[in-house]
Amino acid sequence: MGKVINIQPVTRIEGHAKVSITLDDAGNVADTKLYVQTLRGFEKFCEGRPVEEMPRTVCHICGICPWAHHLASAKATDACYGVTPPPAAVKLRRLMQSVAYVSDKILNFYFLAAPDFVIGPDADYSVRNVIGIVQAAPEIAKKVVHMRHLGAQIIEGFAGRAIHPTFAVPGGVSKPMTETERQKMLPLAKELLEFSQFSMKFAKENVFPKYLNAIKTIGVIKVGYLGTVTADGALDFYDGKLRLMKPDGAYDDFTYEQYADYLGEWVEPWSYQKFPYAKKWGKLNMSLDNPVGVYRTNTLSRINVADKMATPLAQAEFEEFRAAFGRPAHFTLLYHYARLIELLQCAETAVQLLEDKEITSTDIRVPITPRAARGIGCVEAPRGTLIHDYECDENGLITKVNLIVGTTHNNAAMNMSVNQAAKALIHEGKYDQGILNKVEMAIRAYDP
Amino acid sequence: MAVKVVEDWLNACSGCEISILNIGDPLLDLLPQLEFVHITALVDHKFFGQLGDGATMEIPEAVVGIVSGGVRNEEQKHELEEIRKKVQFLISLGSCACYGGVPAQANMWKNDEVFEKVFRNCLTTDSAPNPEDPNVPKWTPTCAAVDEVVKVDIAIPGCPPHPDWIADAVLALLSGKTAWSLPERSVCDTCPVIREQKSGGGPVKRWLQNMEFNPEEGLEKMRCINEQGFLCMGPVTLAGCNGKAGVPRCIQARTPCRGCFGPIRKGARPMVEMMGALTSVGLDPKSLVDRRAMMNRYIGGHGFLTVIPARPAK
C-alpha cells in the first residue's frame with residue numbers, strides 16, 4: 001500500500017471534518033474517506049426535557065442554521081401538543097426563516113465559497129480566503145458585511161436573537177409584530193432583495209462562466225435528491241410534502257409521518273456521522289459506478305425536485321438554470337448556482353411577507369395543554385431537510401427523539417464526491433496544494 | 001504589525017464563529033490587525049501540512065488563541081493542549097468553552113447510555129456497534145469546559161457571545177492589556193421590566209402561554225417574568241447578552257432568560273440561588289418541572305451536571 005494524504009481539517013466549511021486519500025503503489029487513488037468526528041448526543045440528552053423548551057434547545061445543533069432547527073422543532077412541538085398556530089404566527093416564523101436564510105446564503109457564497117472562485121482554486125492558501133477577498137474586492141466585501149449586519153438587525157431588532165432564537169413556541173410565536181416594526185423592516189428587506197439580485201448577476205457574469213469546466217468535472221456524481229415542495233410543486237422552505245427523486249428523475253411524494261418508510265440511517269464503523277439512505281431503493285452502496293440508496297439534499301437538490309419556484313425573480317432564474325442543465329442537474333458545483341436562485345426566493349418571500357398587513361395580527365399563539373403524543377416537524381434548512389421526530393409523555397416531557405438533519409443527509413454523497421474528485425485529479429502520485437483544494441471544493445459545494 | 005491568532009472550534013456549533021463575523025462594520029477595520037495563522041472556518045491552513053503528509057498535528061505559534069466549544073473527545077483535548085503550548089493568551093469563546101454548554105447536558109448520562117441510544121435505539125438507524133476506528137476519536141469521560149483541561153486567560157461567555165465583547169476583548173489584548181472580563185452584573189441589572197418583588201404565588205408556570213404585555217409598549221411597561229410566575233434565569237445570569245447597549249436579547253423577544261451567559265461570578269451556585277430568587281417572589285421552586293437540567297442548561301461542565309440514577313420504572 002502506498003501513502004495516505006490527510007487533509008485535516010477540511011476548511012471553509014461549517015463543522016469538523018477531515019479527508020484521507022489512500023494511494024496505491026502506482027500513486028493512484030485506492031480509497032478515500034470523509035470523516036466527521038464529532039458526536040454530541042442530542043437524541044439522548046433531550047430525553048426528559050419539557051416539549052415547550054425544545055425549540056430553544058435543539059437550535060444549538062447548528063449555529064449557522066439555528067432558525068431551521070428552531071422552526072422544525074417548533075413544528076414538531078405543535079404536533080406533539082396537537083395545535084395549529086394562527087396564520088400571523090406562521091407568517092412571522094416564515095419571515096424570520098427567510099431573512100435568516102438570506103444571511104446564511106450570503107455568508108456561504110462570499111465568505112466560504114468565493115475565495116475558490118474569485119481568488120482562484122490554485123492560489124496560495126494565505127490569500128485564498130475572506131481576507132483575500134477583502135483586499136481583492138473591498139467594495140463588495142464592505143457590502144457583504146453590511147448586508148449580513150442588516151439581516152441580523154432585522155431579526156435581532158424584532159425577535160431578540162439571530163443566533164439560537166427563542167421566538168417560536170409550541171402553538172405560535174412569543175410576540176406579535178407592530179405596524180411600526182413592519183414599516184421599519186420593509187425597506188431593509190427590500191435592500192436585501194436588491195443585493196440578492198446583484199449577487200446573482202455578479203455570479204452569472206463574473207464567476208460561473210470561468211468555471212464551467214470545473215463545474216463539469218469536480219465532484220460529479222449521479223444520485224438521488226430530497227426536498228420539500230408545496231401541494232402544487234413549488235419549492236418551499238417552511239412546509240409541504242417531502243419529495244424523494246431517483247437519479248433518473250422519477251420521484252415519490254410523501255408526508256412527514258411516512259419518512260421512516262422511505263429513509264434509513266446506516267452506521268459505518270469509521271464515522272460518528274450516520275449515512276442516511278433511501279431504503280426503498282435497497283441497501284446503501286456508495287460506489288461511484290453503481291451507487292444505491294444515495295440521495296442528496298441542500299440547494300441543488302431542492303432545485304431538482306421542485307417543479308417551480310414560489311416567487312417571480314427566482315422563477316425566472318430557475319427556468320434559465322433548468323434550460324441549461326436539465327432535471328435533475330447532477331453537477332456538484334451547481335450547488336453554488338442553485339444557492340443564489342434560492343437566495344432570491346428567500347429575499348422575495350421576506351418582502352412579500354412584510355407587505356402583507358395580516359402579519360401584524362395580535363393573534364399569534366393558541367393555548368396548549370400537555371398530552372402524551374408523537375409529533376414530527378420538518379423544514380428545509382439551508383443544508384437540507386430537517387426531520388425532528390419527538391415523543392412525549394402525558395406531562396409533556398420528551399421520551400424519545402429521532403433527528404435526521406441537514407448535512408447528515410449528504411454524508412454518503414459527499415464521500416462519493418470526494419472519491420470522484422480525488423480519482424479525477426490525482427494520477428501517478430502527482431498532486432499539489434491546488435489539487436487537494438479542488439478535492440475540498442467538492443465538499444464545500446455542499447456547504448457542510 | 002498584525003497580531004497572530006489561532007482560532008478553532010472544538011465541541012461546538014459554529015455559532016461563536018458566526019458571532020465573530022457579525023461584529024459588523026468594525027470587522028473590516030479589525031481584520032487587518034489580526035493575522036489568522038489558523039482558523040478552520042475561514043482559512044485553509046492544515047494541521048498535517050498543506051500536502052497532508054505530516055505525521056503529527058502542527059499548531060502554529062501565535063500571540064492569541066481563541067477556542068470555541070467544550071472538550072468532548074480525545075482529539076479535541078489533544079488539539080486544545082497543543083494550542084495552549086503555542087499561544088501566549090488563550091481565550092475561551094462562548095458558553096460551551098466556558099462552561100460545557102448545551103452539549104454538556106449529556107453529562108447526565110453515562111457515555112455508554114448515550115451511544116446505546118444514538119447507534120442502537122433511534123427509529124431510523126440500522127442498529128450497529130459503536131463506531132470504532134483510529135479516525136473516530138474516543139469520547140472523554142465528560143463534556144468539559146476548556147478550563148477543566150488547560151489554563152484559560154480570558155473567558156468570553158455567551159451562547160453566542162455578543163460581537164461587542166469579542167471585539168472589546170481582542171482590542172484589549174491588541175492594546176497591550178493582559179486581562180479582560182465582563183463586569184459582574186446580572187441580566188436583571190440590565191433589564192428594564194417592572195419589578196414589585198412579588199408574584200401571584202403558587203407553582204412556577206410552564207412556558208405554555210405567552211407573557212402578559214402590550215406589544216405597542218416597551219419592556220419598561222412589562223411586568224418581570226419571574227413575577228408573572230414563569231422561570232426566568234435573569235437573577236443568577238451574567239449580563240452582557242445585549243452587548244454594550246440594549247436590553248437582554250431573550251427578554252426583547254418577550255421570552256424568559258435561560259442562563260446562556262452562565263453564572264455572574266466564579267464559585268456561584270446558580271441553581272441554589274435561583275431557587276432562592278423564586279422563593280423570594282413567593283413562587284414554589286420545587287414545582288418547577290425538569291429543574292436540574294433547566295437551571296444548568298448551559299453550564300453542565302465543572303461537575304454541575306452529573307449522572308443521575310435511573311428513574312424507577314412506572
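In chain B of this predicted model, helix H4 (95–99) and strand S7 (154–156) each supply at least two residues of the lining of the second largest pocket. Of the elements that contribute to this lining, H4(B) gives the most, with three residues.

- The volume of the second largest pocket is about 620 Å³, and 25 residues line it.
- The lining residues that lie nearest the centre of this pocket are B:Tyr99, B:Asp147, B:Ala155, B:Arg265 and B:Lys266.
- Sorted by class, the lining of the second largest pocket consists of 15 nonpolar, four polar and six charged residues.

**Size and overall form of chain A**

- Chain A has a radius of gyration of 21 Å, which agrees with the value near 22 Å that a compact globule would have with 448 residues.
- Taken along the principal axes, the box filled by the C-alpha atoms of chain A is roughly 70 × 50 × 35 Å.

- Chain A contains 15 helices and 14 strands.
- Of the 448 residues in chain A, 69% are buried, where buried means under 20% relative accessible area.
- When the contacts in chain A between residues at least 6 apart in sequence are considered, 68% of them join residues that are at least 24 apart.

**Surface of chain A**

- The accessible surface of chain A amounts to about 13400 Å², and carbon and sulfur atoms account for 52% of this area.

Technical notes: Residues are numbered from 1 along each chain as its sequence is written. Chains are lettered from A and ligands numbered from 1 in the order in which they are written. This is a predicted model: local features need pLDDT of at least 70, side-chain atom pairs count only at pLDDT 80 or more; totals for chains, interfaces and linings use all residues. Side-chain values use heavy atoms; hydrogens and water are left out. On a 1 Å grid over the protein atoms alone, a cavity is a set of points where a 1.4 Å probe fits but cannot get out, and a pocket is an open set with protein on both sides within 12 Å along at least five of seven lines; lining residues have an atom within 4 Å of a point. Grid points are joined across faces, edges and corners, and a volume is the space filled by probe spheres set on the points. Helices (H or I, at least four residues) and strands (E, at least two) are DSSP runs, numbered from the N terminus. Ala, Val, Leu, Ile, Met, Phe, Trp, Tyr, Cys and Pro count as nonpolar, Asp, Glu, Lys and Arg as charged, and the others, Gly among them, as polar. The radius of gyration is taken over C-alpha atoms; the globule rule is 2.2 Å times the number of residues to the power 0.38. Buried means under 20% relative accessible area, exposed over 50%, partly exposed in between (1.4 Å probe, protein chains only). Contact means heavy atoms within 4.5 Å. Accessible areas come from the Shrake-Rupley method with a 1.4 Å probe; for residues, only the protein chains shown count as cover.
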